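Dear colleague,

Please find the structure below, followed by an account of what was found in it.

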Amino acid sequence: MMINHPILGPRDASEFTILGDACLISRPDWTADDAQDSFFDYQYLRDNPAGIHRELWFHEYGDRSWLVITRNTLTHEILDVVLARDLADKTGGQVR
Amino acid sequence: MTGNRGWTPVWREPEPKPSYDIVIVGGGGHGLATAFYLASRYGIKNIAVLEKGWLGSGNIGRNTTIVRSNYLLDGNQAFYELSLKLWEGLEQELNYNVMMSQRGIINLYHSDAQRDAYVRRGNAMRLHGADAELLDAPQLRALCPFLDYENARFPIKGGLLQRRAGTARHDAVAWGFARAADQLGVDIIQNCDVTGFRIDNGTCSGVETSRGTIKAGKVGVAVAGSTSRVMAQAGLRLPIESHVLQAFVSEGLKPVIPGVITFGAGHFYISQSDKGGLVFGGDIDGYNSYAQRGNLPVFEDVCEGGMAIMPMIGRARMLRSWGGIMDMSMDGSPIIDQTPIDHLYLNAGWCYGGFKATPASGLCFAHLLARDAPHEVATKLRLDRFARGAMIDERGAGAQPNLH
């Protein structure tokens, strides 16, 4: 599996580690009344789709940037790669 | 003797009836075992098992056949020890040869700290009635002279041996349970994809399938890697991710590896099948997948693990590799529980350890379906344990599936 890094170009997947669903960017508000429930959701529950999945990858053996990769979990085809920072800025940190 | 002619089907292929007392979704090992124990031990006969493909097409036919009960934590060890005891009587109970072979498993240790951890694990096993023996290097050398004891980075200091562990013929387990369940009147319905649940006022009363609506008093779901996909049809979001785990087989060799051996400093385990092939594997790939195939970096990592403990296998040629889809739970332990929807029950989260659990998983799920209360060895395998902070984190790795 090759990952087309937005800055470095195509890199082998073995240089990366994965954290999971990109919704982990959207940390719940810890001051909200329902913080306990929303942190449970955030920490443990996942959509886990068969098909298109947006996920956080870390270029650990590279430039140590966080990426958001859109990938098909049925075929492993990578459809889009962006810097997580750019996506977080663009969405105000609310990635769903 | 007969030239392999004259074989007849060993289970019926019935049309689905409009209604059953209990419908099991998923005709893998766990679903078939559940139906068998419901019929044989809980006296419920009007049961259907719905399978979207054919029997043995999922993880029951894709695993590395290892059976063991060398767990540490309270919520797990009693469950897996019950499973091993069921394995020991399974061929008698099913009247079917599942090629259960108690050839033993050895977990290697490579440091003083790891030895101490294995002493603790062995004691926990024995307290739950399982067997465990700690081997030092000379004792291990007598059993496995071929290991790389003087490896500079991961010297082998000894191992934790469970003699009652071993291997069983994986797809024969599916066939044995299917045949025995069928003889007790269970309808096994293949090529029947569940496309939805009938849920009214928070109560499940049946399933919609590719072969029509089937009403049910209770519905139990045991679909491993497809758990999130199937349960989403009931509106549930679960603490599960689906990941791919690869397995590998070499060309057939003369008998060389006496039992199952696992590497203590990396993730690698190996046994030798009765046909002579070395059967081995390691870590999951680490990313969400429904593809039933993995990638080469993990392949390389597994082979490096093998070379670190037994360089003799370096000249063996790889014959084939494949992947299965694991229902990875957030703490690495399974779930056998009711769901927030009445009459809908869940059996999931087996991670990469579902095969050895097959009989106990079936028995405990049958108990739950029949009695609406957890079996005594499954009281901690609950769906709400994540919200309660009562994780069963066997590996001590934290709340992230790809670390388990």
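Just after helix 1 of chain B, B:Gly43 adopts a positive phi of about 70 degrees. This is a predicted model, in which local features need pLDDT of at least 70, side-chain atom pairs count only at pLDDT 80 or more, and totals for chains, interfaces and linings use all residues. Residues are numbered from 1 along each chain as its sequence is written, while chains are lettered from A and ligands numbered from 1 in the order in which they are written.

Helix 1 of chain B covers residues 29–41 and reaches 17 Å from its first C-alpha to its last, close to the 18 Å expected at 1.5 Å a residue (the expected span being 1.5 Å times one less than the number of residues). Helices (H or I, at least four residues) and strands (E, at least two) are DSSP runs, numbered from the N terminus. Of the 13 residues in helix 1 of chain B, 11 are buried (20 or more other C-beta atoms within 10 Å of a residue's own, with C-beta atoms placed from the backbone). Among them are B:His30, B:Phe36 and B:Tyr37. The elements against which these buried residues pack include strand 1 (19–25), helix 5 (170–183) and helix 8 of chain B; contact requires C-beta atoms, placed from the backbone, within 7 Å.

Between the chains, the contact takes 19 residues from chain A and 22 residues from chain B. Helix 1 of chain A provides the largest share of the side of chain A that touches chain B, 3 residues.

Yours sincerely

Technical notes. Two residues are in contact if their C-beta atoms, placed from the backbone, lie within 7 Å. A residue is buried if 20 or more other C-beta atoms lie within 10 Å of its own, exposed if 12 or fewer, and partly exposed in between; C-beta atoms are placed from the backbone.
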